[in-house]
Amino acid sequence: MTAIDPTAHLTAEQIEELGRELDAIRDEVIAGRGEKDAAYIRKVIGAQRKLELASRAVLLFSMFPPAWVIGTAGLSVAKIMDNMEIGHNILHGQWDWMRDPKIHSTTWEWDHVSPADQWKHSHNELHHTYTNVVGKDNDLGYGIMRVDEDQKWHPFHLGQPLWNFINACFFEYGIAAYDLELGKNLHKRRRKNPEFRARAKAVGRKIRKQVLKDYVIHPLLSGPSFLPTLAATFTANLVRNVWSHSVIMCGHFPEGVQVFERRSIRGETRGQWYLRQMMGSANISGSKAMHFMTGNLSHQIEHHLFPDLPSNRYAEVAVKVRALFEKYELEYVTGPLPKQVFSAWRKVFRLSLPNKKEPVVKTPEREKELVAA
Amino acid sequence: MTSTALRSRAWKLLEMVTTPLLPSDYLDLVSPLRAGADLRGRIEAVHPETGDAATIVIRPGRGWRGHTAGQYVRIGVDVDGVRLWRAYSLTSPTDRPDGRVTITVKAIPDGKVSNHLVRRARPGTLIQLDQATGDFVLPRAKPAKVLYLTAGSGITPVMGMLRDTEFDDVVMVHCAPRPQDVIFRGELHDLVADGKLRLTEVHTDTDGVLDIARLDALVPDWAERETWACGPAGLLDAAEKHWSDHGVPERLHTERFRPTIVAAGDGGGEVTFSTTGTTVDADGATPLLDVGEAAGVLMPSGCRMGICFGCVSPLKAGAVRDLRTGEITEAEPGVLIQTCVSAAAGPCDIER
């Protein structure tokens, strides 16, 4: 919704050609999917389970500080692996082609208070179909924040740096509320809707199980280490929440990412859909370990183009996708994690205030800012 | 409290410890063949039988309930990362002391699973198992005279019988293209040498396909024999007619290999939504999601463009085409398809 459309130089034919080139990249990966990829996800799942078991075992002795530190660190990493590289990607159907009923989008459940099926609806269906379309994609500010100049300002937005911080700490609960569309459904009439009640009940059950496990059962099993273990699991959840929130903010919030108007997607072609994903997402650059810990969401652009390709293939896909960005003279928004996180937070702060007065004369400065917005 | 109740309480507690996973998800890491686990097996050895057939020695999990000679087992094997299920006859005797079972697999042209098992399967590999099944088995009461009529890999269930139960008077007529294509040839000839079997090999490359009328010459008393026949449909059809024409159809027991015959075409086909009992004609270009909805079937749906996996439904029979890639998917147990980007490629059955 910027005044200057960064894709204006492309003709309709070029956009369709771009779509065909992206389809070709996708087909190539699908044709080459095989044993190695299957072995990869099984290895990651096995490693995650072993790490979680080992960390929980160490935490049984968490009254000893070194055990607390090691156990908490291990559990944090295990929870991040569960949510990011494993859960998020399996729930996208990235591994459905293996036909293994245990590693399948229809059967997987994750260490998260949002039940997998509800998350799949709000994330896979709404967010990935309507990426960055204001009014359609609730991931844009999660309904509590203003993330674009063209969104109407409200005094409520003054608090958005604080809302965002609280959301980061309790991100899994934020997601659960978001999947329930809680804000919209809390009105009296909607609250009574049986479909909503059933979903709310499912979330309640999931929260109960998760809380019971992390804050009752495991601390109890630790006996005299009850309190330290409680603190450890709380810390691990906090670390996981802040980490995933940061990674996810980097996907669509940094400066340079475009948002779109509702009417702009009417009759959208495949090429235009691809183009919207390209302009609406941002990557994080970094090491292999970094990509792994983000669940390869550091390759957010590639993930949005091909949400169902196995995550371990995004790195090789990224090289080809980036070449297409260059060929079509589009901006590939990427940067190291601290830079992207800073950029996203700066936007949260900036947009908590109403827009500055529109300048009368279009200056180059103004143009620059608009492109970046 | 009974021990069962106690155990179920302990299990419940364990489930609380491991939620949202199950305790078995962790146990599978260390002991995939334990009692109570999903039934699996471990390949322990692969012995070549002929140029294109091999015997796979499998150690079944603790939940294996054994088999009866002549039965088959369905196995799930990961080929190029994709789990594929096929049925193979068990060729081991039922009382093998080490508790292992064997299947003998002939690699068929373009057969994904058979070629993988014969040429690439390695000891140590885990496979999925179903319990043994099938009614191509010997009766409790021993028949006085037995005839085994087999062709190609049709010999495999019969070999399971031969190895399991000795009869006083056994004749076997077996067809294979050439002598070196006869699976278990060495063992069969040992049985012949010991006087336990009379064997006629028909080598179809030189003798031509067995004419069932020749049976009178090969086994003059065939009509008096309890007969088990297994092989290609042509042979079995001829045998059934022959036995029936001679008024002894009850003496003939047949086992048919049933390769899934999928009529995959470009023009769509008749689509059945089996749960609701709806059948409609569909063209080859309309997504099955639209076909179902137009027919009033309540279909799960999502993004309608193949990205959210909210519409996946079991494909029970037939074949579908991925409208994005043209790729054909054929029905197999456990196959789920994205109905929003798949169209009928011939008749098919969606479980909705």
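I count two strands as paired if DSSP finds at least two bridges between them. Helices (H or I, at least four residues) and strands (E, at least two) are DSSP runs, numbered from the N terminus.

I am working with a predicted model, in which local features need pLDDT of at least 70, side-chain atom pairs count only at pLDDT 80 or more, and totals for chains, interfaces and linings use all residues. Residues are numbered from 1 along each chain as its sequence is written, chains are lettered from A and ligands numbered from 1 in the order in which they are written, and side-chain values use heavy atoms, without hydrogens and water.

**Parallel pair.** I looked up β8 (residues 169-176) and β9 (residues 198-203) of chain B, which pair in the parallel sense over six bridges. Opposite His174(B) I found Glu201(B) of β9(B).

**Open sheet.** I traced six strands of chain B in the order β4-β3-β6-β1-β2-β5, with antiparallel pairing. β4 (82-89) and β5 (101-106) of chain B are at the edges with a single partner strand each, so one side of each has no neighbour in the sheet. Within this sheet, I noted three bridges between β1 (residues 40-50) and β6 (residues 126-129) of chain B, in the antiparallel sense. Arg42(B) has Leu126(B) in β6(B) as its bridge partner.

**Helix pair.** I then checked α1 (residues 3-18) and α2 (residues 23-30) of chain B, which pack at about 85 degrees with axes 8 Å apart. Axes are lines fitted to C-alpha atoms, for helices over the stretch in contact, and angles run from 0 to 180 degrees between N-to-C directions. In contact (heavy atoms within 4.5 Å) are residues including Trp11(B) of α1(B) and Tyr26(B) of α2(B).
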